[in-house]
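Please look over the sequence and the 3D structure shown here before reading the briefing that follows.

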Amino acid sequence: NWTMTNVVDEQLALIREQVGTKRAICGLSGGVDSAVAAALVQKAIGAQLTCVYVDHGLMRKGETEQVEKDFVAATGIQLKVVDASERFLSALAGVSDPEQKRKIIGREFIRVFEQAQAEIVAEAGADGEDVAFLVQGTLYPDVVESGGGTGTANIKSHHNVGGLPDDIEFELIEPLRKLFKDEVRMVGQELGLPDEIIQRQPFPGPGLGIRIVGEVTRDRLDLLREADAIARAELTAAGLDREIWQCPVVLLADVHSVGVQGDGRTYGHPIVLRPVSSEDAMTADWSRLPYDVLGRISTRITNEVSDVNRVVLDITSKPPGTIEWE
Ligand code: XMP
């Protein structure tokens with residue numbers, strides 16, 4: 001694709017010129033945008049870039065490993081992985097309110113990220129002036145939504161930029177600012193990133209934390225992670241990944257349902273499947289998935305995930321329902 005080759009070449013030159021001999025930091029979320037932005041900057045400045053990935057313990061099965069192994073293997077990037085799951089889980093203990101969960105997760109994320117940044121800056125030199133750039137995967141729609149601002153006010157940036165320590169001033173590098181999602185995927189392809197990263201469906205920053213209706217605990221996360229992995233595996237096996245926008249799998253942890261499994265009566269929880277089709281997540285329709293695929297997912301989840309005795313399908317459009325349950 002010659003157009004994307006041009007975009008890549010142009011950006012490589014711009015980034016090299018902008019950064020010079022200094023260093024840059026990039027926060028990786030596991031999503032497409034930050035991955036492509038990081039790979040592009042990596043290609044431009046190599047070891048002058050360090051990426052930070054905060055594992056909040058709310059990721060889906062295999063996601064952290066994917067960033068650690070596949071992404072590093074494809075790019076050779078210097079990656080700092082911070083395991084902060086204990087910290088997030090204790091901050092979330094006893095909290096059921098969705099807004100409060102989001103606030104806590106956002107706050108903890110910024111704290112952990114800041115700490116990692118400070119460590120990188122300290123390792124780089126006495127005053128850290130050497131580390132002058134922050135890479136962000138801001139896309140064109142993000143820029144438009146934020147009124148064409150510098151990126152500090154948009155949704156994508158708030159995790160990374162809002163909480164920078166006052167004494168460190170970063171200049172932003174946003175190489176995807178003029179691109180739409182499909183173009184970003186093409187750039188990723190151009191850079192040789194694996195399909196598992198480029199074709200990822202959207203996944204919310206607060207992760208599984210907002211897919212447990214009720215308090216977030218380690219046991220509940222383990223259970224939801226298993227159910228989610230089964231649903232994803234079956235959707236992939238059925239070749240439906242490109243057809244659906246995303247399929248949140250939600251644990252109704254505060255709801256108990258009666259079932260009959262094995263030798264007797266069980267008292268467990270329902271799992272909700274929320275497959276949607278969409279262009280931009282602003283509106284969405286529920287996906288008409290084949291019954292046999294739904295059937296397989298249901299059978300496997302109820303057989304393989306303990307404490308789940310019911311699988312239900314969400315057939316609400318957006319509006320009125322949002323894509324996520326919280
Ligand atoms: P809703 O539920 O509002 O979701 O219809 C629209 C899209 O946004 C994702 N989403 C989030 N992404 N942080 C994110 O980074 C969040 O707090 C968040 N909440 C929802 C959701 O997965 C869907 O793609």
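Which domains does the domain assignment of the protein give? The assignment gives domain 1 (2-198) and domain 2 (211-313), with bounds that come from an automatic or database domain assignment. Residues are numbered from 1 along each chain as its sequence is written. This is a predicted model, in which local features need pLDDT of at least 70 and side-chain atom pairs count only at pLDDT 80 or more, while totals for chains, interfaces and linings use all residues.

**Domains**
- The centres of domain 1 and domain 2, taken over C-alpha atoms, are separated by 30 Å.
- Ten residues from domain 1 and eight residues from domain 2 take part in the contact, where two residues are in contact if their C-beta atoms, placed from the backbone, lie within 7 Å.

**Helices α2 and α8**
- Helix α2 (residues 32-45) and helix α8 (residues 181-190) have axes that come within 10 Å and cross at roughly 45°; helices are DSSP runs (H or I, at least four residues), numbered from the N terminus, and axes are lines fitted to C-alpha atoms over the stretch in contact, with angles running from 0 to 180 degrees between N-to-C directions.
- Val32, Asp33, Ala35, Val36, Ala39 and Leu40 in α2 meet Val184, Arg185, Val187 and Gly188 in α8.

**Ligand**
- Among the residues around the ligand are Arg102, Gln246, Lys318 and Glu324, each with its C-beta atom, placed from the backbone, within 6 Å of the molecule.

Terms used: Helices (H or I, at least four residues) and strands (E, at least two) are DSSP runs, numbered from the N terminus.
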